Amino acid sequence: MIPTFLGISVLTFLLIQMAPGSPVYTRLAGIDGLGVGDHDSAAIIEQTMALYGLDKPIHVQYWEWLKRLVFLDFGDSFKDHRPVLTRIGEALPVTLQLNLISIFLAYLIAIPLGVFSATHPRTWTDSSITLLLFILYSLPSFWVAMLLIFYFSGGDYFNWFPAHGISSLGARDMTLWQWTIDRAWHFVLPVICLTYASFAALSRYMRSGMIEVIKQDYIRMARAYGFSERVVIFRYALRNSLIPIITLIGTLLPALIGGSVIIEQIFTVPGMGRLMFEAILGRDYPMVMGGVVISAFLTLIGLLISDILYAFVDPRIQHR
Amino acid sequence: MRTALQQEKEGFWRVTWRHFRRNPLGMAGLSVILFLVVIALGAPVLANDIPLIMKHNERTYVLPAVITYSPLLSEGLYNNFRAWEPGEGEYGVRPIVPFSPRNQFIRERNEGPSARHWLGTDDRGRSVLSRMIWGTRVSLSIGIIAVGISLIIGIPMGAIAGYYGGWVDSIILRIIEIMMSVPTFFLLLACIAFLPQSIYTIMAVIGLLSWMGIARLVRGEFIRLRDSEFVVAARAAGFGAPRVIFRHVLPNALSPVFVSATFGVAGAILMESGLSFLGFGAPPPTATWGELLQQSQRLIGTGVWWLVVFPGAAVFVTVTAFNLVGDALRDAMDPRFRG
């Protein structure tokens, strides 16, 4: 895991260092009356370079960055001079809230739907569910987001949900109950956009996993014993068919932590995706590096947990 | 021996096609893709301000959009075909959509669908239909070339890892692990934002960031096949490793790769339109589907529905078509799914 982590840090570091367009120039472009060719501005650029260590050779920069990394010091954001960790600490909970709700809903809908499809194979309901899921899976999320805003919050048709942000004005003075309702109201559209594609994919896996399990001998055995179909499906088949879709949590994790850049941008959700998008736009090097490394690190931990979970739900793994 | 092998190979494709043909959804997807390819290739004669055939200054020009004629060029007409009108004894037959994607009609901005502009106009008064027809080129070429690049990297990586095993395998697996734990879209955005903006950059970056799935598939197939009798026989016959890998093992490992590549095209098209939507797509004034959707984002609340519905539907139909073909291809290639 440590070599992987180092690999990630080198990858992001090299990528950002090779990028044209110094952050200093971008910073100075925002100050009035400073042309880059100026004699005075050249001195300011030099000072700023020294301040951020951008004048040192690349390997020294990386080494110093790595040393600070051990103490979880990612430096300050170029944009507002607040520590990178603080800004991530503000953005990560928002993304986690949004994506945990979405993953929970995805599993909540996908499991019963998959079981239903698998236990009624080749009926017209099964085929229409399959086709519907296929269509959902192929719908581009930014298009769905734009359509939802257009029809449900733009004011052109229905003005039911807010199109921007995650709280109303004055959310600080609300009681906990009011705050929760307000947050939920803001989350409806983004959660729909984040959920439909993953639940479509999960249902398809659930269906094929269940069909595979139902073919097993021990299911035939359970039926032969005269157990009711309900007991056979829910007591015996369901547990084993959950194994493949539990491991899929691992593939959902990068999105859980990284958030969706596009969806957060459309709905102006102040989460990780939007934070990173703005950092990349502003060439905020410490922010980009901190963000990529932290999300990659959390993803690695998540993958480890999902491996452990896999061994936990499937005892056969341990014997191998 | 060679002919026997070739017959075997043909047999596989013929069998696959026979099963594929029976899948109505797969065939529907394939027809949509062929239709899109025709549109993409035919864009210069489908949506253009340059006439298909024209008589000008006593000379007849056939398809001046495809062939550049020096008399027309020296007259400066190629920059200004829009303004050309046939004079006495001249004629010009314009394409079905007589607007190029760059023709701006300042007085017809943000107009809804009409007889003149079938799918309306955008915020600079450009024909949405014309921009969508030319956008097909960008989407399809980026999708296909990006997947091509990911195949060129992914197949050898997976083949080497799976064939040799041991420490080579561990290193390649580690690289794959590193690439997979960084959120792809962050990396994609960072690369695109820092590199010069062009469709070639987008193709290359999407390709470079999406070879891992292919590599893992190929690696799995090689591990399955490397101890088979035919591989052992090839090695015993004294063939070198490259020959065994590419001539003997690889052809047997390719069918899951084809399926995955088809899904990959759908994914790459989605990524490209997402990037364009965020303003990181092909540089303006290139017409792309995502760019039209991006415009609609600025126009929320003004009722400009044609900029939301049509380009998004184009992305959706294309992605669905590739996914349907991938699904049908998997069923047709895998003996377990054949009915």
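**Close-ups of a predicted two-chain model**

**View 1. Helix α13 of chain A and its buried residues.** A:M272, A:G273, A:R274, A:L275, A:M276, A:F277, A:A279 and A:I280 are the buried residues of α13(A). "Buried" here means that 20 or more other C-beta atoms, placed from the backbone, lie within 10 Å of a residue's own; 12 or fewer makes it exposed, and anything in between partly exposed. The helix covers residues 272-281, and because eight of its 10 residues are buried, it is largely enclosed by the rest of the structure. Helices (H or I, at least four residues) and strands (E, at least two) are DSSP runs, numbered from the N terminus. This is a predicted model, so local features need pLDDT of at least 70 and side-chain atom pairs count only at pLDDT 80 or more, while totals for chains, interfaces and linings use all residues. Residues are numbered from 1 along each chain as its sequence is written, with chains lettered from A and ligands numbered from 1 in the order in which they are written.

**View 2. What α13(A) packs against.** In chain A, the buried residues of this helix pack against α5 (84-119), α11 (249-258), α12 (261-266) and α14 (285-313), and from chain B α6 (184-194) joins in. Step just past the end of α13(A) and you'll find A:R283 with a positive phi of about 50°.

**View 3. Where chain A meets chain B.** Here 40 residues of chain A are in contact with 32 residues of chain B, a contact being two residues whose C-beta atoms, placed from the backbone, lie within 7 Å.

**View 4. The cis peptide bond in chain B.** B:P284 and B:P285 are joined by a cis peptide bond, with omega at about 5°. Look for B:P285 in the loop between α11 (255-277) and α12 (289-298) of chain B.

View 5. B:L63, a residue other than glycine, has a positive phi near 45° and sits in the loop between β2 (59-62) and α3 (70-74) of chain B. With 14 other C-beta atoms within 10 Å, B:L63 is partly exposed. For B:N110, also not a glycine, phi is positive and near 50°. Its loop runs between β3 (91-93) and α4 (128-164) of chain B, and B:N110 is partly exposed, with 17 other C-beta atoms within 10 Å.
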